Amino acid sequence: MPFSRLASATTPTAHIGLGLAAVGRPGYINLHRDRDLPGTRSVDVLRELTLELLDAAYAQGVRYFDVARSYGRAEEFLGDWLTLRPDVRDVVVGSKWGYTYTADWTVDAEAHEVKDHSPAAFARQRAETQALLGNRLDLYQIHSVTPDSPALTDKELHERLAALAADGITVGLSTSGPDQAEAIRTALAVTVDGEPLFRTVQATFNVLETSAGPALAEAHDAGLTVIVKEALANGRLAGTEAPAVVQEIAATAELGSDAAALAFVLRQPWAGVVLSGATTVLQLAGNLHAPLLDLDEQRLTQLDALVEDPEAYWRHRAGLPWS
């Protein structure tokens, strides 16, 4: 497992990863992108922003980087960074397939990505990822699996993924939607030749959406590495957007709301890697202060009161504008 590289890490920040969803393309659903990104969002501008972000993350101990075929040119930008930093050999690189980017580098596209979990889509996107990341890819995940995804039952696809694993690339999946727990438990039962297929699971878990927690604990107990995404709920748990209690908890430690929200996730015993989705170096620095915040039982009780109904949470997320 490539994540064994993180097991001997001496810095807490090694267990905070960096996801490039918000910087690999001009449009995304995070709040306040107009404040975070420059007025010009050309390919060259976002490439330079991404390289700067990767440099800052690595210098501060981050060792897991997460991209996807649908994150615009995120794989390309990460590949450029790895080429420019040939001595960097201790990072873990994960990507995802299953969505095709369709926005053509615009913010107001009718559709930004199209989902396809077929074996044909896997073959096409695997070749595309190989061309950009080569032998630096450690983990390949099925993107946004839901209980009705054919990826959970397609035997041909399972065989292809098992062949990928036999070549040394870890196979995982990410989940989304109000039924993440069901998708995770179904994935845990998928085997090829009697062996579990999936070795990692990436799921949304945060102060507002905790429904996948028990299933993620089961995945951890089964030996999977758990990666947490959207720990800041696409910006709803950062800055002044965060609920008052999150801001108050953070203020007592002279930290930002983002650090408090990330500290809550890092406290989960099953959380192997928690992703920062920072857009700027300043945001990243704030995120990386999360391990400094100790949440006692009183604070945890206060945060528990913020949990939303999963259906309501995902309905709200679906309504966030691409900007």
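Helix 5 covers residues 119-133 in this predicted model. Its 15 residues reach 20 Å from the first C-alpha to the last, close to the 21 Å expected at 1.5 Å a residue.

Which residues of helix 5 are buried? They are Pro119, Ala121, Phe122, Gln125, Arg126, Thr129 and Leu133. Viewed down the axis of helix 5, these buried residues fall within an arc of 135°, so they line one face of the helix. The face turned away from the buried side of helix 5 carries Ala120 and Ala131, which are exposed.

Against what do the buried residues of helix 5 pack? Their partners are helix 4 (74-84), strand 3 (92-97), strand 4, strand 6 (139-145) and helix 6 (155-166). After helix 5 comes glycine 134, with a positive phi near 55°.

Strand 1 (residues 16-19) and strand 2 (residues 64-66) run parallel and are joined by 2 bridges; glycine 19 stands opposite aspartate 66 in strand 2.

Finally, two loop residues deserve mention. Tryptophan 105, in the loop between strand 4 (99-101) and strand 5 (113-115), has a positive phi of about 60° although it is not a glycine. Glutamate 254, also not a glycine, has a positive phi of about 55°.

Technical notes:
Residues are numbered from 1 along each chain as its sequence is written. This is a predicted model: local features need pLDDT of at least 70, side-chain atom pairs count only at pLDDT 80 or more; totals for chains, interfaces and linings use all residues. Side-chain values use heavy atoms; hydrogens and water are left out. Two strands pair if DSSP finds at least two bridges between them. Helices (H or I, at least four residues) and strands (E, at least two) are DSSP runs, numbered from the N terminus. The expected span of a helix is 1.5 Å times one less than its number of residues. Buried means under 20% relative accessible area, exposed over 50%, partly exposed in between (1.4 Å probe, protein chains only). The arc is that of the directions from the helix axis to the C-beta atoms. Contact means heavy atoms within 4.5 Å.
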